[in-house]
Protein chains: 2
Amino acid sequence: MNVQPILDHFANYAPLDELESKELTSRLSERTIKRKQFILQEGDVCKHYTFVVEGCFRMYKVDKKGNEHNLQFSIENGWVGDIDSFHNEKPSELYIEAMEPSVILQLEKPDLLYLYIHYLKFNRNFRVLIENAFISLQKRVLQNISATAEEKYVDFMNKHPNLFNRISNVQIASYLGVTPEFLSKIRRGLSSK
Amino acid sequence: MNVQPILDHFANYAPLDELESKELTSRLSERTIKRKQFILQEGDVCKHYTFVVEGCFRMYKVDKKGNEHNLQFSIENGWVGDIDSFHNEKPSELYIEAMEPSVILQLEKPDLLYLYIHYLKFNRNFRVLIENAFISLQKRVLQNISATAEEKYVDFMNKHPNLFNRISNVQIASYLGVTPEFLSKIRRGLSSK
DNA sequence: CGTCTATTTGAATGTACTCAAAAGCGGTGG
DNA sequence: CCACCGCTTTTGAGTACATTCAAATAGACG
């Protein structure tokens with residue numbers, strides 16, 4: 001089991017000492033996920049915090065009309081999970097699907113709670129993690145309520161160059177909240193500049 | 001200084017014992033804020049986590065064209081602050097303005113860090129606080145990318161009945177990302193149903 | 001090469017914005 | 001008590017942005 005990526009990841013926050021690393025890694029389970037495989041489906045309770053070692057996931061919701069709306073992408077060294085379902089142990093409204101063959105490390109709720117209770121540092125690190133995720137989401141909301149579709153697309157390219165050349169425009173359109181057809185027209189407009 | 005509301009507030013999470021309450025309250029400062037007064041302006045570094053005891057605030061951004069976009073409202077027993085500016089000590093792009101005469105309790109960064117370092121419970125409580133804020137923001141993003149303006153407005157009324165009858169439609173429109181004129185037309189449509 | 005999916009195109013439609021102006025609604029002072 | 005002020009809300013016409021639907025084109029992969 002390759003746990004180095006997650007230890008490196010926490011090194012960016014408050015680095016784990018030897019005991020903390022051991023406590024964490026002994027509770028992780030590694031899984032290999034095929035492309036198009038789901039690690040969460042609507043109706044399931046989200047049982048894990050998932051760290052992406054390799055690959056790419058999208059978390060999305062399906063509305064009443066059957067349309068999919070991408071809430072989040074996660075790639076190497078990112079986290080994915082339905083926090084609402086996880087903490088409140090209620091059925092999720094979301095799907096999490098692998099967009100590439102992937103390798104993940106998962107932590108179950110009792111294990112996470114164990115780490116929270118015994119180690120201030122895990123509380124701290126996960127607090128900082130979610131603070132950063134919160135800040136990013138705030139910026140996305142501001143953009144949603146103030147920018148045109150073209151501005152959103154250009155910003156997405158600049159902020160996520162690694163994602164942008166790895167996933168289809170259909171997926172990006174769904175993340176931005178526009179139709180793929182209109183995104184295509186935006187791209188045509190941009191390329192003629 | 002009336003600290004009871006903030007102690008009651010934390011009682012909904014992991015309640016503070018006597019020592020923790022004392023450590024917290026001794027670090028809080030109370031302020032009375034007039035209507036239309038700012039507690040943060042663009043360019044300032046956000047120096048406080050602010051708990052609202054009484055009154056109502058809006059946090060907004062001004063774009064290049066001079067238009068305001070409401071990112072968040074906060075009322076009694078809520079928190080407000082620019083977390084990005086606060087943690088990274090960088091100039092804020094946001095304004096926080098009182099929409100009513102208000103009373104707040106403020107915590108400075110060194111004091112918050114002191115609490116984080118010495119008490120697991122503050123780490124835990126603020127982690128849970130932001131987790132919940134994160135969950136709400138995720139739902140807002142999903143709605144932003146999937147719902148019509150009318151759906152967003154109806155949902156806002158249902159989710160925030162207390163706010164909705166307390167602030168102007170101009171402010172609600174700015175929060176939803178539509179023009180006040182168009183919101184008026186939505187209201188006309190709804191009332192004729 | 002054929003199949004499957006992603007992307008592009010175009011025409012018609014719908015949703016939301018802009019701008020300008022009118023109407024409504026408190027408050028305040030005469 | 002009413003007249004006036006400032007601010008919010010409403011209206012309407014014209015325009016811009018984005019969607020829908022159907023079909024053509026282009027790429028990717030076995």
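Predicted model: local features only at pLDDT ≥ 70, side-chain atom pairs only at ≥ 80, totals over all residues.
DNA strand C has 16 residues around it, and 16 residues surround DNA strand D.

**The sheet of chain A**

- Four strands of chain A make an open sheet in the order E2-E7-E4-E5, with antiparallel pairing.
- E2 (38–40) and E5 of chain A are the edge strands, each pairing on one side only.
- On average, neighbouring strands of this sheet are turned by 25° against each other, direction ignored.
- E2(A) and E7(A), residues 94–98, run antiparallel and are joined by two bridges.

- E4(A) covers residues 56–62 and E5(A) covers residues 68–75. Seven bridges pair the two strands in the antiparallel sense.
- A:Val62 stands opposite A:Glu68 in E5(A).
- Five residues lie between the two strands of this hairpin. In the turn, A:Gly66 has a positive phi of about 90°.

**Helix H8 of chain A**

- Buried residues of H8(A) are A:Ile172, A:Ala173, A:Ser174, A:Tyr175 and A:Leu176.
- Within chain A, the buried residues of H8(A) pack against E4, E5, H6, H7 (161–164) and H9. From chain B, H5 (120–146) also packs against them.

**Where chain A meets chain B**

- Chain A gives 28 residues to the contact, and chain B gives 28 residues.
- On the chain A side, E5, H3 (83–88) and H5 (120–146) each supply at least two residues.
- H5(A) has the largest share of that side, with 18 residues.
- By class, the chain A side has 14 nonpolar, seven polar and seven charged residues.

- The same surface serves both copies, as 100% of the contact residues of chain A recur in chain B.

**Around DNA strand C**

- Nearest to DNA strand C are A:Asn169, A:Ser184, B:Ala149, B:Val178 and B:Phe182.
- Each of these elements supplies at least two residues: H8 (169–176) and H9 of chain A, and H6 (149–159) and H9 of chain B.
- H9(A) makes up the largest share of this surface, with six residues.
- The surface near DNA strand C divides into five nonpolar, five polar and six charged residues.

**Around DNA strand D**

- The closest residues to DNA strand D are A:Val178, A:Phe182, B:Ser168, B:Asn169 and B:Ser184.
- Two or more residues come from each of H6 (149–159) and H9 (180–191) of chain A, and from each of H8 (169–176) and H9 (180–191) of chain B.
- H9(B) gives the most to this surface, with six residues.
- Five nonpolar, five polar and six charged residues make up the surface near DNA strand D.

**A loop residue: A:Ala14**

- A:Ala14 sits in the loop between H1 (4–11) and H2 (18–25) of chain A.
- A:Ala14 counts as partly exposed because it has 14 C-beta neighbours inside 10 Å.
- Leaving out residues up to four places away in sequence, A:Ala14 touches A:Lys121, A:Arg124 and A:Asn125.
- A:Lys121 is 107 residues from A:Ala14 in sequence, yet their C-alpha atoms are 7.0 Å apart in space.

Key:
Residues numbered from 1 in each chain as written. Chains lettered and ligands numbered in written order. Pairing = 2+ DSSP bridges. Contact = placed C-beta atoms within 7 Å. Nonpolar A, V, L, I, M, F, W, Y, C, P; charged D, E, K, R; others polar. Near = placed C-beta within 6 Å. Buried ≥ 20, exposed ≤ 12 C-beta atoms within 10 Å, placed from the backbone. Axes fitted to C-alpha atoms, helices over the stretch in contact; angles between N-to-C directions.
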